[in-house]
Amino acid sequence: MTDRDRTNPATDESETDPTADGTTTPPTTDGDTTMPNPEPATTAETASDESTGESAAADADAATAESGRPAIAATDLSHAFGDVRVLDGVSLSVAPGEIVALVGPNGSGKSTLLRFLARVRAPDEGTVTIGASDGRARVGYLPQQPGFRAGFSATDTLDFYAQFVDDPVDVADVLERVGLAGAADRRVDALSGGMTRLLGLGRALVGDPAVVVLDEPASGLDPGMVERLFDIVSDLADAGVAVVLSSHNLGPVERTADRVVVLDGGRFVADGDPRAVVESVGAADLQTAFGDLVATEEVTGR
Ligand code: ADP
Ligand code: MG
């Protein structure tokens, strides 16, 4: 592998996100994001951390218990692309072990918000803090359109990212967890769209981050894999990982998420546990509630 290979491992969103330039940047040491952090790698390690996954989860719990700080604290995020205002003073706090599902119509700003939470990009206004009082935390991030270096196998790809974390990574185990054990030696450019997304999920899990941000992880998966994906998410939360994901799969979201946040018109039009959100509009289920909630908002500029 050449030096150039080592510094240009991914093509995440390079076609859609001008900040993702395909280079890796050194980890930052600050839990607060007020500076752009154009890192395409999905495990953004903000400080060296010798913990295993289990102890990292325990650390996160302990840290929150000690400090009262959430795993993610996003405050007053506002952002515009040109004259299109995408986020308008949005705040979100996520506890260790909590699953927050972000739902909203296409173009409502979900991916933009998730990039801010994963700190691959900084908002015009507002702050994102990850982790506990010492500011040490890792974020695993699955972009909506994960990209990988053509020619690498699935195993090569995860091996590449594994070198950026301190602890040894059992790449075969990661592939097994995301249902790609049978495709371990397949070239990434030969993977289907759904399998590419699963590999992106695997990449997000390398290093056992305490916070995981997943942008439409279930998109393109067959129904069995959708269920498996949400099972993986539940297992992560049970281990103390804070999970924020966007999804249009509202059935599994309703069953799995601790909290549903509905984004529309730059603001949260609902935020609560799934049953509370459904009941708030007198709907039968989240699918129906979603229609009611976003239908009440004027859709402009989209
Ligand atoms: P969602 O993920 O909910 O579909 P996005 O966050 O991708 O929404 O996009 C929200 C809005 O911001 C859309 O109008 C989109 O066109 C616009 N947008 C997103 N990224 C960019 C960008 N890099 N440059 C300009 N406009 C953008
Ligand atoms: Mg999106």
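Visitor: Which residues come nearest to ligand 1?
Guide: This is a predicted model, and in it the shell around ligand 1 has 13 residues, with Phe 81, Gly 107, Lys 110, Ser 111 and Thr 112 coming nearest. Two elements, β4 (84-94) and α3 (110-118), each give two or more residues to that shell. The most come from α3, with 3 residues.

Visitor: What makes up the shell around ligand 1 by class?
Guide: There are 7 polar residues, 3 nonpolar and 3 charged. Gly counts as polar here, so Gly 107, one of the residues that come nearest, goes into the polar class.

Visitor: Why are α4 and α6 called roughly parallel?
Guide: The axes of α4 (residues 154-162) and α6 (residues 193-205) cross at roughly 25° and come within 9 Å. Angles under 35 degrees count as roughly parallel, so this pair gets that label. The crossing of α4 past α6 is right-handed.

Visitor: Which residues in α4 and α6 meet?
Guide: From α4 you have Ala 154, Thr 157, Leu 158 and Tyr 161, and they meet Leu 199, Gly 202 and Arg 203 in α6. By class, the contact divides into 4 nonpolar, 2 polar and 1 charged.

Visitor: How do you know whether Gly 131 is buried or exposed?
Guide: Count the C-beta neighbours: Gly 131 has 29 inside 10 Å. The cut-off for buried is 20 or more, so Gly 131 counts as buried.

Visitor: Where does Gly 131 lie?
Guide: In the loop between β6 (125-130) and β7 (138-142). Its C-alpha atom is separated by 6.3 Å from that of Ile 72, though the two residues are 59 residues apart along the chain.

Terms used: Residues are numbered from 1 along each chain as its sequence is written. Chains are lettered from A and ligands numbered from 1 in the order in which they are written. This is a predicted model: local features need pLDDT of at least 70, side-chain atom pairs count only at pLDDT 80 or more; totals for chains, interfaces and linings use all residues. A residue is near a molecule or strand if its C-beta atom, placed from the backbone, lies within 6 Å of it. Helices (H or I, at least four residues) and strands (E, at least two) are DSSP runs, numbered from the N terminus. Axes are lines fitted to C-alpha atoms, for helices over the stretch in contact, and angles run from 0 to 180 degrees between N-to-C directions. Angles under 35 degrees count as roughly parallel, over 145 as roughly antiparallel, 65 to 115 as roughly perpendicular and the rest as oblique. A crossing is left-handed if the near helix is turned anticlockwise from the far one by less than a right angle, and right-handed if clockwise. Two residues are in contact if their C-beta atoms, placed from the backbone, lie within 7 Å. A residue is buried if 20 or more other C-beta atoms lie within 10 Å of its own, exposed if 12 or fewer, and partly exposed in between; C-beta atoms are placed from the backbone.
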